[in-house]
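Subject: Structure for you, with notes

Hello,

Here is the structure I promised to send over. Please open it next to this email; my notes follow below.

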Amino acid sequence: MAQIQRNQPLYEQLMWRIKGQVASGVLTIGEKLPSVREMALIEGLNPNTVVKAYKALEHQNVIETVAGKGTFVSANDQQVADERLIRELREQLGEVVIDAKRAAISAQQLNDWIAEAYGISKNPEREKA
């Protein structure tokens, strides 16, 4: 069970955990997710919360439910984000940059963190410096 953050709805926290697992390769395309009841037990959530998270993830084409078979990670070959999501990400990134500047964090450090989050190894030449 993951740690609960009080400032974000539980269904969104579950959504972000699943999206993070898909993005990092922990969950792979076509992999079956636990049923709503199983996920509720695993996460310590109400089944209605899991249903809400699964429906939102389906709407975002992260997962798909096949009647009588279960819920699976979607084979989203297009990997095309909608314009609203792109706009939101740019706004969030802008806020991160403002906070980073206030905390005297360099653009290079932010780039390193982004590369790390993407799973891109750091430049070995820079590590020597």
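One cut-off first: a residue is called exposed when its relative accessible area is over 50%, and buried when that value is under 20%. Ala 104 has a relative accessible area of 71%, so Ala 104 is exposed. Please keep in mind that this is a predicted model.

**Overall layout**

The protein chain holds six helices and two strands. Their order from the N terminus is α-α-α-β-β-α-α-α. Of the 129 residues in the protein chain, 21% are buried. The accessible surface of the protein chain is about 9,900 Å². Carbon and sulfur atoms account for 53% of that surface. Take the contacts between residues at least 6 apart in sequence: 45% of them join residues at least 24 apart.

**Helix 1**

Helix 1 covers residues 10-24. It has 15 residues and reaches 21 Å from first C-alpha to last, close to the 21 Å expected at 1.5 Å a residue. Which residues of helix 1 are buried? They are Gln 13, Leu 14, Met 15 and Ile 18. These buried residues pack against helix 2 and helix 3. Just after helix 1 comes Gly 25, with a positive phi of about 90°.

**Helix 3**

Helix 3 spans residues 47-59. Its 13 residues reach 18 Å between the first and last C-alpha, close to the expected 18 Å. The buried residues of helix 3 are Thr 49, Val 50, Ala 53, Tyr 54, Ala 56 and Leu 57. They sit on the same side of helix 3, because they cover an arc of only 160° around the axis. What covers them? Helix 1, helix 2, strand 1 (63-66) and strand 2 (70-73) are among the elements that do. The face turned away from the buried side carries the exposed residues Asn 48, Lys 55 and His 59.

**Salt bridges**

Side chains of opposite charge can pair when their charged atoms come close. How many salt bridges are there? The count is two.

- Arg 17 pairs with Glu 43, and their closest N and O atoms are 2.7 Å apart. Arg 17 is in helix 1 and Glu 43 is in helix 2 (residues 36-43), so this pair ties together parts that are 26 residues apart in sequence. Arg 17 is partly exposed, at 23% relative accessible area. Glu 43 counts as buried, at 13%.
- Asp 99 pairs with Arg 102, with 3.7 Å between the closest N and O atoms. Both residues lie in helix 4, three residues apart, which is about one turn of the helix. Asp 99 is partly exposed, at 45% relative accessible area. Arg 102 counts as exposed, at 70%.

**A nonpolar surface patch**

Leu 93, Val 96, Ile 114, Tyr 118 and Ile 120 form a nonpolar patch on the surface. Together they have about 520 Å² of accessible area. Helix 4 (83-102) and helix 5 (107-118) are the elements that give two or more residues to this patch. Leu 93 lies in helix 4. Leu 93 counts as partly exposed, at 45% relative accessibility.

Another leucine of helix 4 is Leu 85. Leu 85 is partly exposed too, with a relative accessibility of 30%. The C-alpha atoms of Leu 85 and Gln 60 are separated by 9.9 Å. Along the chain, Leu 85 and Gln 60 are 25 residues apart.

**Two loop residues to look at**

Where is Asn 61 found? Asn 61 is in the loop between helix 3 and strand 1. Asn 61 has a positive phi of about 60°, although it is not a glycine. Asn 61 counts as partly exposed, at 47% relative accessibility.

Phi of Ala 104 is near 60°, a positive value in a residue other than glycine. Ala 104 is exposed at 71% relative accessible area, and the cut-off for that word is over 50%.

Best wishes

Terms used
Residues are numbered from 1 along each chain as its sequence is written. This is a predicted model: local features need pLDDT of at least 70, side-chain atom pairs count only at pLDDT 80 or more; totals for chains, interfaces and linings use all residues. Side-chain values use heavy atoms; hydrogens and water are left out. Patches are made of residues with over 30% relative accessible area and no salt bridge: like charges are joined within 9 Å, nonpolar side chains (Val, Leu, Ile, Met, Phe, Trp, Tyr) within 5 Å. Accessible areas come from the Shrake-Rupley method with a 1.4 Å probe; for residues, only the protein chains shown count as cover. A salt bridge is a side-chain nitrogen of Lys or Arg within 4 Å of a carboxyl oxygen of Asp or Glu. Helices (H or I, at least four residues) and strands (E, at least two) are DSSP runs, numbered from the N terminus. Buried means under 20% relative accessible area, exposed over 50%, partly exposed in between (1.4 Å probe, protein chains only). The expected span of a helix is 1.5 Å times one less than its number of residues. The arc is that of the directions from the helix axis to the C-beta atoms. Contact means heavy atoms within 4.5 Å.
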